[in-house]
Amino acid sequence: MRSKVVVGLIVALVAVGLVAGFAMAQAKSGAKLLCVSKTTLKGEETVASCLAKGERFAIVDQFGLVRILSPEEIELTKAFNPKAFETRAFGMKYQKLAPVIQPMPVSPEVLD
């Protein structure tokens, strides 16, 4: 009886470890917001200040798929996740230095 409990605890710990590892890997391999019109940006400005100057941005995911953001998409993204535009701006040339887009905060209404 006692050995079954120990085996159950070990299996549960391994499962929690695998789920945590998978979640960490997903967080590290998220999408990045990169400047398309000024490819040599290296974090000198924020994304918001570049957008104010008329620069164009794209979202590049972990698979290398690119989606260029329209003005409407930028405004909607600002409404849902304003922190995404407070990060430093990087161009396509320095994509490896660019931070991953922070996920939008979960509102308490979603949890209910």
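Is V66 buried, exposed or partly exposed? I looked this up first: V66 counts as partly exposed, because its relative accessibility is 49% (buried is under 20% relative accessible area, exposed over 50%, partly exposed in between, with a 1.4 Å probe and protein chains only).

A note on the source: I am reading a predicted model, where local features need pLDDT of at least 70, side-chain atom pairs count only at pLDDT 80 or more, and totals for chains, interfaces and linings use all residues. Residues are numbered from 1 along each chain as its sequence is written, and side-chain values use heavy atoms, with hydrogens and water left out.

**Entry: the sheet.** I found an open sheet of five strands with mixed pairing, in the order β2-β5-β1-β3-β4. Its edge strands, pairing on one side only, are β2 (42–46) and β4 (66–68). Strands are DSSP runs of E, at least two residues, numbered from the N terminus, and two of them pair if DSSP finds at least two bridges between them.

**Entry: back to V66.** I placed V66 in strand β4.

**Entry: β1.** I checked both faces of β1 (residues 32–35) and found them covered: K32 and L34 are buried on one side, L33 and C35 on the other. Side chains alternate between the two faces of the sheet in a regular strand. Next I followed the neighbours: four bridges join β1 to β3 (residues 57–60), running antiparallel, while two bridges join β1 to β5, running parallel. C35 has F57 as its bridge partner in β3 and stands opposite G91 in β5.

**Entry: β2.** I saw two bridges joining β2 to β5 (residues 88–91), in antiparallel fashion. Here K42 stands opposite F90 of β5.
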